[in-house]
Amino acid sequence: MARMKFICDAERCIECNGCATACKNEHEVPWGVNRRRLITVNDGKPGERSMSVACMHCSDAPCMAVCPVDCFYKTEEGVVLHDKDLCIGCGYCFYACPFGAPQFPQAGAFGLRGKMDKCTFCAGGPEENHSKAEFTKYGRNRIAEGKLPACAEMCSTKALLAGDGAVIESIYKTRVQRRGKGDEIWGWAMAYKRGDAVAAGVKS
Amino acid sequence: MLLTKKSAGQVQKSTFASTINRAVGTVDRRAFLKRSGMVAGAGAFASQLPFSMMQKANAASSGPMVAADGKMEIKRTVCTHCSVGCAVDAVVQNGVWVRQEPVFDSPLNLGAHCAKGASVREHGHGEHRLKYPMKLVNGKYQRISWDQAMSELTEKFLALRKSSGPDSVYWVGSSKHNNEQAYLMRKFVSMFGTNNTDHQARICHSTTVAGVANTWGYGAMTNSYNDMQNAKCAMYIGSNAAEAHPVSMLHMLHAKETGAKMIVVDPRFTRTAAKADQFVRIRSGSDIPFLFGMLYHIFNNGWEDKKYLNDRVFGMDKIRDEVMKKWNPKAVEEACGVPEAEVYKVAETMAMNRPSTVVWCMGQTQHTIGNAMVRASCILQLALGNVGVSGGGTNIFRGHDNVQGATDVGPNPDSLPGYYGLAEGSWKHWAKVWNVDYDWIKGQYASKAMMEKPGMTVSRWIDGVLEKNELIDQDSNLKAIVYWGHAPNSQTRGLEMKKAMETVELMVIIDPYPTASAAMPDRKDGVYLLPAATQFECAGSCTASNRSIQWREKVIEPLFESRPDHAIMYDFAKRMGFADQFVGKRDGKQNIAVVKVAAGYEEPVVEDVLREINKGTWTIGYTGQSPERLKAHMRNMDAFDVRTLRCTKDVIDKETGYNMNGDYFGLPWPCYGTPEMKHPGSPNLYDTSKHVMEGGGNFRANFGVERDGVSLLAEDGSHSLGADITTGYPEFDHVLMKKLGWWAELTEAEQKAAEGKNWKTDLSGGIIRVAMKNHGCHPFGNAKARAVVWNFPDPVPIHREPIYSPRPDLVAKYPSHDDRKAFWRLPTLYKSVQEKNKDISKQFPLILTSGRLVEYEGGGDETRSNPWLAELQQENFVEINPKDAESRGIKNNQFVWVQSPTGAKIKVKSQITERVASGTTFIPFHFAGWWQGADLLDKYPNGAAPIVRGEAVNTATTYGYDSVTMMQETKTTLCQVVAA
Amino acid sequence: MIRRKLAVTLIGCAVFALAGCGEIDQKAKVEKVYAGKKDTRAAEDARFGGDRKKWETTLAERSKAQNEYLRTDPRTETK
């Protein structure tokens, strides 16, 4: 059973924004709405690392938990989607989300918050697959075409991986084994010895 | 997993993004993201278009959504934004580019894209394009018809030609043109009668091309992006590949995972440096001290490859003397600021992990001594025996998608296509290929002397306008400037450029976008804008940095009223009365067919143009890449190995029946001989471990056979695998063929064509065929590489301080060149300017350097007009060290004035960061559309201004040109920064 | 201190991403019932006709393109 996940390999991410742009392109996401974006730590210093962040399609999604109109659902593959017809644009999900994934385009003449928009794992939404309605509200449905999210497929260094958790985990594992390092970015050493473990690799 | 816990009754705003933003003291570049979810506090509440307008109102279509009835087509093309050559599958429906899919099969990029590559479908929208021909009338751009534009321009050009001579018009061509267009451009200006033409290569890698070609034969990247996977160590010096060539990092990071070491040497801690095992910060412009500092340790420890140096290199002893005498660790540290231990470590890592490769880009090339810097890098690689080796080489990353191709066969002021030069013999060679009369071409020029004299360079055209007439080396000053696919803001000395633009009688801009040229000058009239098609709107071949040639299919018809460049050239040729010569129509023969397209204009057939290139470009092996072979490669990309680029099994192209077995992807040049000879292309240059018919080779015999009584030919036993001649040998011509007794192996027809010729001018290809196929010998001979280039101003690379140096003490020690009177037709100053400005660092104490951002390319008019990219970088900025900012009272993300010794001042946002050291500032060069604080929006044609405009760094840059190629010195100048 | 917090956040994020790789219960802990329209499942798409196996295989095949080791180093074994 496929369980869809994203992993961003910070050892490979070069903050090129290919993912963010691929998303804009595939779904014609308007200016100001960023379903995916780059986060950089230690910008311009040894230990600089970047990560591409979007909706993480959480197992226990906080957005689902707080939504007052219950517009969220999770597909069999673990993709968190929502029904825009139901969404009231209240913004609770934005406050609940640890990743800042939900986006709110402006709607109407008074600049009110429109309906929430976020990464769909390129799985469209609750409209007929590949219909105009689905595209307009949610973007393309690549998953139903047997393709993976555009961001990961186009990643310049294949840092951003998407797909069945087991498959991408094994890809990632191969790299970590090859590097013989890389774990420390994610491990306690980095958390408690500050950036030293990371900086070990990069001395100026 | 929520790390910031919610407490009862209180919703904490600490999302991931805002936590990061708060935590990091200095704000990163993305903090400039306006109106996006990124900005802390502002949250994710966009204040732009409502989402219902997500589906773009498409100028050319009814919208991108898939309709049930539409015919879907897949067109394979190549990204136009750098030289990696990333393939793109365009999904086209009813003539509209509706989707973009990755091409996983491509051995070059395996489906990967950076922001620019992932955005190319936006070219199919092109809302900010120049939509129709326009003319400046009373200070406003007015729409005119193509016919009016072309007839008025033709009349003006011909009038200028008559009154001031053909050299009074300057034609800036383009590295964005495909090979066929670039080639036709050179042909066009030749037939107009001038060598005053150039393109972006002048200001990106001209010093590399000259330096590298003069060292060992060809002016190009020796290996490939892919081959970096075979390196055990890579040193990037003056290259920020993570931003300028992002997809190349796929190969490097892969190599790193499999054990390769990565070193970055740069004045900035770049994103590339962030991925390195070792980062070394040098002072901008001190590459030679650093490289020779490495060589000091290499020689000192005996790490040089002695056998290789003996067999294949000339003059290393002179280098050794210079290095050991002048560049001891103390002198090195004084000049470049790097302590001995760090230099030693880099040298040791490079020496102990062979094959090791060196990567450089603009950080080395854009200096008054760029030609010497790149040669210092070559010398390092020669000393380590790394050239001609898989995993080694000098991997010189080019900038534009076809800058290599335009350099090879395009509009260069000093050469006809294929580096043939401008001598009479070269002209006669090409006249024959072009099927025109040599004397007719000569008649088009002002004189035979002007025909054989290199033209001015794009970096200096402004001086061709502004310099006193008696000081320039041609009759008239420049009276007209044609920008044909080239931005102005990539050239230095903006203040003077504006003046030059206002001085010329006529300005013509031929481009998909109006570019900053349309907005910069304060003119009332005399400016024409012609909309050119993009590379997605025409077919043709382009040469990636690794010399692989890829064929682009036409994705969509030209949008709006735009026309392909080669159609515009043909139209001009026709109106100027040389249409027949332009397409080689004579004596019942016609080289290039012309077709009339639905839109009503005539277009030369691109495949025919490539066939003509194939017929004439023997020097660099552009002869084997027939359109048929290239197209077969594009259809069968999965047949090629990612590590070697080679197809090693029978793979038959369905359409042509062509078998790709043995070929390297894209037939990387040199692909010698006729297509029928089936040379596979050369993946790594000068590689003696392979047979010449398998892509092997050796260093070129291009500089004579002896120097100062020492032979320049390779030592006995050093030759390409399986060669019949096992000693060094000179290049092949009819005399040598006869001496060797090989002449009889040519067919009768070949003998007829080759009589009196050499391998470069024998149009039958017979000499090449017999030498390579029958005898395994290299047509260009087998010689040594030159560590000493005696025909350059500094035969042994010498460090000289930049014209505007922050170090008066070092200027005294390492002064610039003497001034020169007529250099590329212009007086060129070195010492006098440097002397005058020796203490200028008191007023302008900060080094100003420039470079790329990942989102934009070149002058940026195209990419800044693309909303998907423009959103990511909305303002130009200056990177300044926290210390320098503090002492100037500058806060982060505020407007500052960057002041230049020229008197120019530019207004940009401050970006306080340790990315630059104290004393150095950095500004990206893609911006334009502001002029010293003022937005020029009103001066663009209506609706055709780029979305993001900003101050161009080159408004503030200074004088200074390379002593061989006229490369501008943008990487080191001086400035002062003050709060605005 | 700031850096540490940052690091923790980063790790959190990563662990979060990786957590999904195991077979953790995918059900929301808060009992919520989706109130919106029913969505078509990916495998129900016309090109797979409800053949979930075929859809999964297609996707798995496509995933391989993310692993360049399969093309650069044939010795690497990946699942």
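Both B:Y686 and B:F699 are buried in this predicted model. Their ring centres lie 5.1 Å apart and their planes meet at 45°, so the pair is tilted. B:Y686 and B:F699 both lie in the loop between α25 (627-635) and β23 (706-707) of chain B, so the pair ties together parts that are 13 residues apart in sequence.

**Aromatic pairs**

Over all chains, the count comes to 41 aromatic pairs. One of them joins B:W97 and B:F536. This pair is tilted, with 5.3 Å centre to centre and 55° between the planes. Is B:W97 buried or exposed? B:W97 is buried, and B:F536 is buried too.

Ring pairs also build a cluster in chain B. Its members are B:F157, B:W171, B:F188, B:F192, B:W440, B:W484, B:Y570, B:F572, B:F578 and B:F582.

**Charges over rings**

| Charged residue | Ring | Distance from ring centre |
|---|---|---|
| B:K131 | B:F560 | 5.4 Å |
| B:K907 | B:F895 | 4.9 Å |

**Domains of chain B**

Chain B is divided into domain 1 (1-49), domain 2 (134-202 + 409-469 + 482-610), domain 3 (206-396) and domain 4 (808-979). The C-alpha centres of domain 3 and domain 4 of chain B are 26 Å apart. Each of these domains gives 28 residues to the contact.

How much area do domain 3 and domain 4 of chain B bury between them? The figure is about 2400 Å², with 52% of it on carbon and sulfur atoms. On the side of domain 3, B:R268, B:Q366 and B:T368 stand out. They supply 30% of the area that domain 3 buries against domain 4, more than any other three residues.

Two salt bridges are counted between domain 3 and domain 4 of chain B. B:R268 also forms a salt bridge with B:E879. The closest N and O atoms of B:R268 and B:E879 are 2.9 Å apart.

**A cysteine in chain A**

Where is A:C23 placed? A:C23 is in helix α1 (residues 18-27) of chain A. Its relative accessibility is 11%, so A:C23 counts as buried. The cut-off for that label is under 20%. Leaving out residues up to four places away in sequence, A:C23 touches A:E28, A:V29 and A:R35. A:P149 lies 126 residues from A:C23 in sequence. In space, A:C23 and A:P149 are 8.3 Å apart, C-alpha to C-alpha.

**Chain C**

Chain C has three helices and zero strands. From the N terminus on, its elements run α-α-α. Chain C holds 79 residues, and buried residues make up 39% of them.

Definitions and conventions: Residues are numbered from 1 along each chain as its sequence is written. Chains are lettered from A and ligands numbered from 1 in the order in which they are written. This is a predicted model: local features need pLDDT of at least 70, side-chain atom pairs count only at pLDDT 80 or more; totals for chains, interfaces and linings use all residues. Side-chain values use heavy atoms; hydrogens and water are left out. Rings of Phe, Tyr and Trp (its six-membered ring) pair if their centres lie within 6.5 Å; planes under 30 degrees apart count as stacked, over 60 as edge-to-face and the rest as tilted. Buried means under 20% relative accessible area, exposed over 50%, partly exposed in between (1.4 Å probe, protein chains only). Helices (H or I, at least four residues) and strands (E, at least two) are DSSP runs, numbered from the N terminus. A charge sits over a ring if NZ of Lys or CZ of Arg is within 6 Å of the ring centre and within 35 degrees of the ring normal. Domain bounds come from an automatic or database domain assignment. Contact means heavy atoms within 4.5 Å. Buried area is the accessible area (1.4 Å probe) that two parts lose on being put together, summed over both. A salt bridge is a side-chain nitrogen of Lys or Arg within 4 Å of a carboxyl oxygen of Asp or Glu.
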